[in-house]
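Work through the exercises below with the structure open. Each one has a task and a solution in steps.

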Amino acid sequence: MSDVLLEVSGLSRHFPAGDDQITVLNNVNLSIRRGEMIAIIGASGSGKSTLMNILGCLDTPSEGAYIVNGRDTSAMNPEQLAELRRDYFGFIFQRYHLLDDLTAIGNVEIPALYSAENKTSRQARAEQLLDRLGLADRMDHKPSQLSGGQQQRVSVARALINGGTVILADEPTGALDSHSGKEMMRLLRELHQQGHTIVLVTHDPKIAATADRVIEISDGEIVSDITCDASDDLTQDPVTVTSSSVKDNPSIEDENSPSKFPSKPFSASWFSVVEAFKMSLSAMGSHRLRTFLTMLGIIIGIASVVSVVAIGNGSQAQVLSRMASMGTNTIEIKPGSGLGDRRVGRVRTLTVNDAKALTHLPFVDSVTPTVRANVAVRYGSKAITAEVQGVGPDYFRVRGFNVAQGQLFNEQSVDALEQVAVIDHNTFNALFPDGDALGKVIFLGRLPVRIIAVTQAREMAFGNSDALNVWLPYSTVNSRIYSQNHVNEITVRVSDDESSIAAEQAIINLIKMRHGVQDFFTVNTDTVRENIEQTSSSMTMLISAIAFISLVVGGIGVMNIMLVSVTERTREIGIRMAVGARQADILRQFLIEAVLVCLCGGVLGIGLAYAVGLIISSTGSGLSMIYSTNSITAAFICSTLIGVLFGFLPARNAARLNPVDALSRG
């Protein structure tokens, strides 16, 4: 294996400047052997930092070749370059470049985290490194709580966590006082003595004199390359960082390895997802106000959708409940060929026996024949116009009436042709304002009947009914008023769990078989309920679509704020890439963060919808909200999709940032 570790040949780096370009490095040729400590010196703007960025794979040359242990980096893809930065290069920056939201130990762990190393192992090594560097009592402190020298030591520990075969130090003493600067240089010498290759960039000749080899750059070109004896004045009382504190340093490339930069296995990828999830939670927690404002649009959108669907379901249930009081899910059988048939009065084939035959059908809940009597209603000196009907004992169940006073008539009353009557609440108020009706006798034409019950007032589906009704046994009407055997209609109540359409067809078949001809028609009142359900569903869908628009607007808000967040966090992205984060790692973190923001917004939105329901119910307005599991599930799905769709662009922009540009802009 060649002793040359890093080699650049014919290397140039140009930067655009309007229509022209600036050449920062021009035809640089340089070889660095394993274990060397090299100082690159030059004035500000000479190109030394650009050269270090290229050596650390933070930047790429415009021309020429950069060879790492015999392999041309131009043949590596971004993922392989990230792995190279992560596993073999350690960066010590002038401005430290620590993440403000993490503690000292959290900052040190980052490269190992992107290596998919488990938390216990990486934390133990980070603690050991910080302890060796004299920061045992500062591990849980954030950068703002550390001095400049302590922050620089944290950056050294971060550079060593994955081994740090090559340590790249850019002006490592530039932001330190003289004492801290001397300690930093003693530390670098110690690392060099342990076998690390050190590349030191500085403008200070005294600092450069500590290296074994000094390379001077001027105007982008190497003007001198001198090997010298390191000065001893900065190496007294060194800070001991033994090899036991550093991860075993593998060679950058095994020449016999068939896969020099293998891709991560599935377990490591899953580990990265978990760690990205944790990092996203940490980032959200560190910027609570920004996170809340980001998810506010989602909260309002989800709350709107869930609330609208709940209000629609509640309103529909109320209407259907009121319709149930009218006797929904009923089928009326009438003589003739249909509504408006002039022959209806002459068709007298519907009989009580037809009604009795229908009671044997399995889907029938209850049946009543009905005979209408066109007679006046009188009580004392009072005369009213009321609808008088002869009905069966099950009529009140079929039509959904409840008793307020007294007791309804039964089959014995029908068989005995009893002259008894049940009146509704409106008739009761009209004839008996004093409140006493039971046992009183009223006249239906010339027929006296005794009142045995009063029904409760009920709210109809479309307002309160003001009709006056009197009911008595159908047999009494047929025998004592009209002397007839037929009935005007038969009403069947179908069981709630049965299909009214199938029941209607079965009823038609039975009556047609009994009559031998279809001299009747049916009216299925359940179609009214179905129409109301369809109308209610259509209105709910319409309003939900409007609410969904607010979700989309919220998603656009998430995208906009995430784009701003990418700009604000450019420095963080650059640091993560410098220590080995791949584009996929950055993309994953920002995408997960966007999804988490939307999911949390979805949860808070659903909670807000329930809170709205509690407020509405406490006001006593009568409006009920019935929450739908489907709408809540759909809300979560929408939250996730919005997070993915509108979070992808900011995440992709973050992943595509150039590491060196991100660091310089941060």
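**Exercise 1.** Find the handedness of the crossing between α17 and α18, then the relative orientation of the two helices.

Solution. In this predicted model, α17 crosses α18 in a right-handed sense. Next, take the angle: the axes of α17 (residues 570–578) and α18 cross at roughly 140° and come within 10 Å. Roughly antiparallel needs an angle over 145 degrees. α17 and α18 are therefore oblique to each other.

**Exercise 2.** Which residues of α17 meet which residues of α18, and how is the contact made up by class?

Solution. From α17 come Glu572, Ile573, Arg576 and Met577; from α18 come Ile586, Gln589 and Phe590. Sorted by class, the contact of α17 with α18 has four nonpolar, two charged and one polar residues.

**Exercise 3.** Describe how α18 and α19 pack.

Solution. Start with the axes: α18 (residues 583–618) and α19 (residues 629–655) come within 7 Å and cross at roughly 150°. The cut-off for roughly antiparallel is over 145 degrees, and α18 and α19 are therefore roughly antiparallel to each other. Their crossing is right-handed. By class, the contact of α18 with α19 has 20 nonpolar, six polar and one charged residues.

Definitions and conventions: Residues numbered from 1 in each chain as written. Predicted model: local features only at pLDDT ≥ 70, side-chain atom pairs only at ≥ 80, totals over all residues. Heavy atoms only, no water. Axes fitted to C-alpha atoms, helices over the stretch in contact; angles between N-to-C directions. Helix = DSSP H or I, 4+ residues; strand = E, 2+ residues; numbered from the N terminus. Parallel < 35°, antiparallel > 145°, perpendicular 65-115°, else oblique. Left-handed = near helix turned anticlockwise from the far one by under 90°. Nonpolar A, V, L, I, M, F, W, Y, C, P; charged D, E, K, R; others polar. Contact = heavy atoms within 4.5 Å.
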